[in-house]
Amino acid sequence: MRTAREIEDFIAGDGRHPPTSGRLGTLVFTESAELYDLIYFSFRDYRAETAQIATQLRSLHPACRTLLDVGCGTGEHARLLASLHAFSVDGLDLSPDFLRIARAKHSAGRFFEADMSNFQLPGRYDAILCLASSIGYLKTLDRVTQALRCFRKHLEPDGVVIVEPWFTPDRMSTGYHSSRAVEAPGVRVQRLGTTQVDGRVSRLRFEYTIETVDGIRHATEVHELGLFTVEEMLSAFRAASLSAEHESSGLTGRGLYVARMAPGGTNV
């Protein structure tokens, strides 16, 4: 957890927000990287999620040891999968601010700054994870397929891919509102969210009110995530030479895709 001073230093607008130019992806947590854990710890049970993932991996691939967490964010899943479940976990994310936090949490892991649809790492992994609906930020099925092909290239022949998707089109509509209020010593944050659906893209607008000992600051972020049907996602897996199954409940009610290399597929 970040201290109130670290949070205030980040949100004060000191020029450390990462650039977005020259990248395939778009950085979105530019205002809230230092607030992410404070907000998400209030409603996500990371220990339960990682326990479920670990159990699933042990069942699917008993010899599984090495994991790559794609879209790793602040590294909480990586930290717990390593510290509580004895996996060797690396991470990948587009945000240098997230990666800085993740490296501090899980110093034994290697964390790579890259776009999930276009990366080249030095090794392969027994399992590749993409959790917390990070795949939705790719916005189009073409880029989802590119990412899945990249996952496959970094997968050991008997490896497993686990992807937690964003919502399907039928489960999102314009006008949804959300509110979160969290606090820690020296800081209080309120996040108000509104949702707009534009074709196959959901647009989430978050308005932050951040109160610290130095005063009140307001910030805004807009997150865009693609909306894909189950069949569209399964087709993207097939196009990437991965054989996938869909679980309707998953970790948080959004479902889960579990995939292996398709017969005759290759990771070279």
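**Antiparallel sheet and cysteines**

Val-187 has Thr-212 in β8 as its bridge partner. The model is predicted: local features need pLDDT of at least 70, side-chain atom pairs count only at pLDDT 80 or more, and totals for chains, interfaces and linings use all residues. Residues are numbered from 1 along each chain as its sequence is written, and side-chain values use heavy atoms, leaving out hydrogens and water. Strands are DSSP runs of E with at least two residues, numbered from the N terminus, and two of them pair if DSSP finds at least two bridges between them.

Sheet
- An open sheet is formed by four strands in the order β6-β7-β8-β9, with antiparallel pairing.
- β6 (177-184) and β9 (215-226) are at the edges with a single partner strand each, so one side of each has no neighbour in the sheet.
- On average, neighbouring strands of this sheet are turned by 15 degrees against each other, direction ignored (axes are lines fitted to C-alpha atoms, and angles between N-to-C directions run from 0 to 180 degrees).

β6 and β7
- The antiparallel pairing of β6 and β7 covers eight bridges.
- Glu-183 is opposite Arg-188 in β7.
- The hairpin of these strands has two residues between them, and Gly-186 takes a positive phi near 90 degrees.

β7 and β8
- β7 (residues 187-198) pairs with β8 (residues 201-212) in the antiparallel sense over 12 bridges.
- Asp-198 has Val-201 in β8 as its bridge partner.
- Two residues lie between the strands of this hairpin, and Gly-199 in the turn has a positive phi of about 65 degrees.

Cysteines
- The count of disulfides (pairs of cysteine sulfur atoms within 2.5 Å) is zero.
- Cys-64 is buried at 3% relative accessible area, where buried means under 20% with a 1.4 Å probe and protein chains only, exposed means over 50%, and partly exposed lies in between.
- Cys-72 also counts as buried, at 7% relative accessibility.
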